[in-house]
Amino acid sequence: MKYQNEGFNPEHIEALKKELAASKKTYKINESEDNSDEFVNFYFVGMYEGKEVIYDAALYTLRLHHSSELYELAEHEAAKKFPNFKGIKYEEDENGNLKPLSSEEEEIGWFITEIIMEMEEEEAVKVQEFVDIDTNHDYGIGLDAALNLEYIDDKVIAKFVKDFNDDTLVLDDTLYSFQSEEEEDA
C-alpha cells in the first residue's frame, strides 16, 4: 500500500509506539543541535482524519518566535537597502574561531541590529501562541507551535502532547511583544 509518506506507514507508527512505551514517554526527541531550552523538535503519535500518524513537531517559546519574526523583517529591510545582501555567513578558521566579517557584512549586521532595536522599542512586532499543521510534510505531519513559556522541558512537551491528542489544548490569543535581554556586566 502506498502512503502519503513514511510517517503514515502503520509499521513506522507501531515501531515508534513500541519505542515510546519502552521509554515510558509520549514523545521522542529528535536529537538535533538546534534543540535548546527554547526550542525542541520531537515525534509523537496522534490522530489525523481518524487515522494514527506520526507528528514531526517543533515546539518553541513565544519569545524565540518573536525574535525570529524580528530578524526576518530586519533581513528583509537589509535586502531592500543592500542589493547584494544574501545573508551573513559566519565562518570559522582552522582553530574554530570566527573569521572577521567583510566591511559590507559588518555594515549590514549593524543595520539589521539597529532595525531590530527600533522594532523592539516601537513594539512593532506582536506574536501570539499558535499551532500550525503541515500536511505536505516529508515525514508524517509537520507541526509548529509556539507557547508563551520561559523554556521548553520534558514536562512542557508531555503536557503539550497530551493536550493536543486530547483536543484540550487552549492557546492564548493575546498579542505579545518582547525586548532583548540586556547582557549584565559580570
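Leaving aside residues up to four places away in sequence, Leu 149 touches Thr 61 and Val 156. The structure that shows these contacts is a predicted model.

- Although Leu 149 and Leu 62 are 87 residues apart in sequence, their C-alpha atoms are 6.8 Å apart in space.

**How α2 and α3 meet**

- Two packed helices are described by the angle between their axes and by the distance between those axes.
- For helix α2 (residues 62-81) and helix α3 (residues 103-121), the axes come within 9 Å and cross at roughly 130°.
- The two helices α2 and α3 are therefore oblique to each other, since an angle over 145 degrees would be needed for roughly antiparallel, and 65 to 115 degrees for roughly perpendicular.
- The crossing of α2 and α3 is right-handed.
- On the α2 side, the residues that meet α3 are Leu 70, Tyr 71, Leu 73, Ala 74, Glu 75, Glu 77, Ala 78 and Lys 81, while α3 contributes Ile 108, Phe 111, Ile 112, Ile 115, Ile 116, Met 119 and Glu 120 to this contact.
- Sorted by class, the contact of α2 with α3 has 11 nonpolar residues and 4 charged ones, with no polar residues.

**The largest nonpolar core**

- The largest nonpolar core holds 21 residues, and those with the most contacts inside this core are Ala 78, Phe 85, Ile 108 and Ile 112.
- At least two residues of the core come from each of β3 (51-61), α2 and α3, and α3 gives the most, with 6 residues.

- Leu 101 has its place in the loop between α2 and α3, and its relative accessible area of 22% makes Leu 101 partly exposed, because the buried class ends under 20%.
- Not counting residues up to four places away in sequence, Leu 101 touches Ile 88, Lys 89, Tyr 90 and Glu 106.
- The C-alpha atoms of Leu 101 and Glu 91 are separated by 8.6 Å, and these two residues are 10 residues apart along the chain.

**Glu 118 on helix α3**

- Glu 118 is placed in helix α3, where it is partly exposed, with a relative accessible area of 45%.
- Glu 118 and Asp 34 are 84 residues apart along the chain, and their C-alpha atoms are separated by 27 Å.

**Two residues with positive phi**

- Most residues other than glycine have a negative phi, and the following two residues can be read against that background.
- Glu 123, in the loop between α3 and β4 (130-134), has a positive phi near 50° although it is a residue other than glycine, and its relative accessible area of 38% makes it partly exposed.
- Asp 167, in the segment after α4 (154-165), also has a positive phi, near 60°, and Asp 167 counts as exposed because its relative accessible area is 71%, with the cut-off for exposed set at over 50%.

Notes:
Residues numbered from 1 in each chain as written. Predicted model: local features only at pLDDT ≥ 70, side-chain atom pairs only at ≥ 80, totals over all residues. Heavy atoms only, no water. Axes fitted to C-alpha atoms, helices over the stretch in contact; angles between N-to-C directions. Helix = DSSP H or I, 4+ residues; strand = E, 2+ residues; numbered from the N terminus. Parallel < 35°, antiparallel > 145°, perpendicular 65-115°, else oblique. Left-handed = near helix turned anticlockwise from the far one by under 90°. Contact = heavy atoms within 4.5 Å. Nonpolar A, V, L, I, M, F, W, Y, C, P; charged D, E, K, R; others polar. Core = buried A, V, L, I, M, F, W, Y, C linked by side-chain atoms within 4.5 Å. Buried < 20%, exposed > 50% of the residue type's maximum accessible area, 1.4 Å probe, protein only.
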